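Q: Could you take me through this structure one feature at a time, giving the general idea before the case at hand?

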Amino acid sequence: MINLTKGQSINLKKEGPGGLQRIHLGLGWDVAKPKGLFGRFAAPESIDLDASAAVFDAQGNHVDTVWFRQLQSKDGSIRHSGDNLTGQGDGDDEVITVDLTRLPSNVTQIVLAVSSFRGQNFSKVENAFCRVVNADNKQEAARYNLSATGNHTSIIIGKLQLVSGEWTFKALGEMTNGRTVQDIANDIRRVL
């Protein structure tokens, strides 16, 4: 397993025999514990973060989006596990599964993002991460810790990209603001 840093990439073909064919992009987070004297008496707040995948072709044209309002790509190659409204529990809170063998031939980039639907900023989030998992054997290939707390409400986590015929995952960690993937569409286009 590789711990990714911002800007670092992994080649998915090299992450197992025959390369990764189906991957889970798992997103997890916890609610930050309240600080200060009265913080320990405060009721825990829930945080509704939403994972999304914006799909593009080689020319940068938007092909599809998978998010809590559309849990499956039009061709069925990308699926969202559903909306987690609180971030409670251990492990992945939301998962986007990509079957690289079923993607349409014109798809060359899939940008993964997370947004705070209620507009709460990332100062209220801790232990956030994204992990790339082999969907067939459940082995974690890479993990990217999203430790950037602050006033932003969205993060463009990373992108799957077809490079010289091989799929890679690149950690981006671009902080931005928006409640949905639609709100940050222009920011996503800048990372293509």
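Predicted model: local features only at pLDDT ≥ 70, side-chain atom pairs only at ≥ 80, totals over all residues.

Q: What is the average pLDDT of the chain?
A: The term pLDDT stands for the predictor's confidence in each residue, from 0 to 100. The chain averages 88, and 90% of the residues score at least 70. Among the elements, the lowest mean pLDDT, 90, belongs to strand β3 (residues 22–31), and the highest, 98, to strand β5 (residues 62–66).

Q: In what order do the strands of the antiparallel open sheet stand?
A: Strands of a sheet pair through backbone hydrogen bonds, either parallel or antiparallel. Two strands are taken to pair if DSSP finds at least two bridges between them. The open sheet with antiparallel pairing has six strands in the order β2-β12-β11-β8-β4-β5, and its edge strands, β2 (9–11) and β5, each pair on one side only. Within this sheet, β8 and β11 pair in the antiparallel sense over seven bridges, and Ile110 has Leu160 in β11 as its bridge partner.

Q: What is the strand order in the open sheet with mixed pairing?
A: That sheet of six strands has the order β1-β10-β9-β3-β7-β6. At its edges stand β1 (2–4) and β6 (78–80), each with a single partner strand, so one side of each is left without a neighbour in the sheet. Three bridges join β1 to β10, and these two strands run parallel; Ile2 stands opposite Ala142 in β10.

Q: Which residues of the largest nonpolar core touch the most other members?
A: A nonpolar core is a set of buried Ala, Val, Leu, Ile, Met, Phe, Trp, Tyr and Cys residues joined through side-chain atoms within 4.5 Å, where buried means under 20% relative accessible area, exposed over 50%, and partly exposed in between (1.4 Å probe, protein chains only). Of the 39 residues in the largest core, Leu12, Val98, Ile110, Ile157, Leu160 and Phe169 touch the most other members. Strand β3 gives the most to this core, with five residues. Apart from it lies another core, of eleven residues, among them Val111, Ala113, Val181 and Ile188. Over the whole chain, buried residues make up 52% of the 192 residues.

Q: Where are Asn127 and Ser164 placed, and what is the phi of Asn127 and of Ser164?
A: Most residues other than glycine have a negative phi. Asn127, in strand β9 (residues 125–134), has a positive phi near 55°. Ser164 lies in the loop between β11 (154–163) and β12 (166–176); its phi is also positive, at about 50°, although it is not a glycine. At 77% relative accessibility, Ser164 counts as exposed.

Methods:
Residues numbered from 1 in each chain as written. Heavy atoms only, no water. Helix = DSSP H or I, 4+ residues; strand = E, 2+ residues; numbered from the N terminus.
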